[in-house]
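Biologist: I have not looked at this structure before. Could you take me through it while I ask questions?
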Amino acid sequence: MSKLQGNGVAQCSSPGASGSESGLKALRRRNKAVKEDSKAAGPVAHRIILGQSSELPIRARFAPSPTGYLHLGSLRTALFNNLAAKASNGGAFVLRIEDTDQKRLVDDAEERLIKDLKWAGLCWDEGPDCGGPFGPYKQSERLDIYKAHVQTLLDHGHAYRCFCSPEQLELQKRELHKAGKSTAYPGTCRSIQHTESERRARDGDPHVVRFKGDGFGRPKFRDAIYGLFQKQDLEEDFVLFKSDGFPTYHLANVVDDHLMNITHVIRGEEWLISTPKHLALYMAFGWEPPTFAHLGLLVNPDGSKLSKRNDSVNLSTYHDKGVFPMALLSWLANLGSSFKPNVKPPRTISDIADALTFKFTRGGIKLNMEKLDHFDSKYRDAILWDPISDLSETETSLISDYITQRMLQEIDSVTEKAAASELLPREWRRALTPVPALASQENRATYVYNIFATKKGGFLSAEALVRQHPYLLWRVPETVYKQSLASINPDERILLALSSAIDDKKLWASQGAEVMDAIWTALEGQGIDNITVHNTLRLVGAGGHDVVSQSSSRMFMLLGRDEWRFRLNTVQRLLNHA
């Protein structure tokens, strides 16, 4: 096995490290130890997370490249790494920035990556912004570490310098292709003597460092999701270190994962084909490999490949639509895995970790937008109607940002273009006057919150509220009253009972029930049926006796005494001038 010098650089035990323990053997040995620990612990059953008991710590990492912005698939990868670590005893989630591809870096990508991860609700134990015991956590700040490890491979004959120019490599590929042979690098520079290689490097000759791909045969391993995997062909001599002084992904991720004590590498299945390269590097260094778990990739509902240009991949799509971050994470956790039966809507990352089965499906994972709507509505209902004291500050802020303020924006937008708004009933499409509570900057948020913060009838979206209950947001236009009064003559006794209830200020301190009770009392014994009473109150409050409306008591509570007086006065004035 390897020995680490004081600078943290691993030294291979011998040039013959090809006899080192394979990834498959290491995994078998680890699983055997887990089983023995389970037997020793007695009959208590522990969860198994990617082949390991939840009683053992999982150190997982998310290692994005700032060559672009965070998208749906990479957020899902980050989530599963976070959940695996959180569900284990003493685990840790590490954020590492893999910025070795200097030519493709996007200026603000790293800042946006961190911002988007935090927006989604993920947090990490170690990373470039918070430090940790195994830093630095940006690969561009670890170049000396990679150089030292490459030198170790060179010294032990597992790697060599390649001085072929890009033009030479391209010519070789064309000639090999014409000859009907593999276009893999043929090992041209393998024959250069070590002393000559050292001299040319010292003289500044441009070069890369390549790994001897056939040195460890065809490594095989058991993926925690896909099972046993082994490539049919030997690896070509792949590049470890580029001429610009930066490592390739293959070298950097192996060195970093080992030095950062990563136990589980959880990533997209596109990296499955590259894992034998990484196992060969582990063997060359004499290191025990981590557990590998490759996640099935997201695909369109029809099974076609998901393009990064697709709106459904872009996180801003979900942010702009007002999808709750925790609902988005619950949905992503169920794309390729599933929750246990009968779990409540998760309110925290820990809730998701507790709910997840950690049983994964293989192959393309189809996006199911209907399921996202389900998780979003369940989470919304939970924070509205099942408050948790420890989360009250966070969830109150979410209610304001994702429901109240968005509803107010929609209401303001409709008010500005009411005459052309297709959301409004046709007879309401004209210049509208907001109810006084909405015209007040101090009261408008509370007023809108009171409209949707009831379980009765279920939650109303901004669109449904405008379409079905415009009377709660704007004063009823006189043209709407006139149209209704042309087909019904309201009973004066009901209007009188309503007027008396409006005059009695003390009735309006409750949720509207006392106002309704007072009206029933005033009409008792007069032979007026309940339907007629409610239809008349609906006419005054909502503008029509036969329109969809909330209950009379609820309209009393929401609109308030002064607004009911205004609407009753308008109806009585129109009746007097009829």
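Biologist: Which residues touch the most other members in the largest nonpolar core?
Modeller: This is a predicted model. Its largest nonpolar core holds 154 residues, and L75, L83, L328, W331 and I519 touch the most other members.
Biologist: And which helix gives the most to this core?
Modeller: Helix 2, residues 72-87, gives the most, with nine residues.
Biologist: How many residues are in the second, separate core?
Modeller: That second core has six residues, including C162, Y185, C189 and V208.
Biologist: Let us turn to helix packing. At what angle do helix 19 and helix 21 cross?
Modeller: The axes of helix 19 (residues 513-523) and helix 21 (residues 552-576) cross at roughly 125° and come within 8 Å of each other. The two helices are therefore oblique to each other. Helix 19 passes helix 21 in a right-handed crossing.
Biologist: Which residues make that contact?
Modeller: Helix 19 contributes A513, V515, M516 and I519, while helix 21 contributes S552, S553 and F556. By type, the residues of this contact are five nonpolar and two polar, with no charged residue.
Biologist: What about helix 18 and helix 20: how do their axes cross?
Modeller: Helix 18 covers residues 492-503 and helix 20 covers residues 530-542; their axes come within 10 Å and cross at roughly 65°. The crossing of helix 18 past helix 20 is right-handed.
Biologist: Which residues meet there?
Modeller: From helix 18, I494, L495 and L498 meet T532, V533, T536, L537 and V540 of helix 20. Six residues of this contact are nonpolar, two are polar and none is charged.
Biologist: New topic. Is helix 7 mostly covered or mostly exposed?
Modeller: Helix 7, residues 249-259, is mostly covered, as ten of its eleven residues are buried. The buried residues are Y249, H250, L251, A252, N253, V254, V255, D256, D257 and L259.
Biologist: Is N261 buried or partly exposed?
Modeller: N261 has a relative accessible area of 42%, so N261 is partly exposed.
Biologist: What is the phi of L50, then?
Modeller: L50 is not a glycine, yet its phi is positive, at about 50°. L50 lies in the loop between strand 3 (48-49) and strand 4 (52-53). With a relative accessibility of 7%, L50 counts as buried.
Biologist: One last point, on peptide bonds. Which residues does a cis peptide bond join?
Modeller: A cis peptide bond joins G135 and P136, with omega about 0°. P136 is in the loop between helix 3 (109-120) and helix 4 (143-155).

Note on methods
Residues are numbered from 1 along each chain as its sequence is written. This is a predicted model: local features need pLDDT of at least 70, side-chain atom pairs count only at pLDDT 80 or more; totals for chains, interfaces and linings use all residues. Side-chain values use heavy atoms; hydrogens and water are left out. Axes are lines fitted to C-alpha atoms, for helices over the stretch in contact, and angles run from 0 to 180 degrees between N-to-C directions. Helices (H or I, at least four residues) and strands (E, at least two) are DSSP runs, numbered from the N terminus. Angles under 35 degrees count as roughly parallel, over 145 as roughly antiparallel, 65 to 115 as roughly perpendicular and the rest as oblique. A crossing is left-handed if the near helix is turned anticlockwise from the far one by less than a right angle, and right-handed if clockwise. Contact means heavy atoms within 4.5 Å. Ala, Val, Leu, Ile, Met, Phe, Trp, Tyr, Cys and Pro count as nonpolar, Asp, Glu, Lys and Arg as charged, and the others, Gly among them, as polar. A nonpolar core is a set of buried Ala, Val, Leu, Ile, Met, Phe, Trp, Tyr and Cys residues joined through side-chain atoms within 4.5 Å. Buried means under 20% relative accessible area, exposed over 50%, partly exposed in between (1.4 Å probe, protein chains only).
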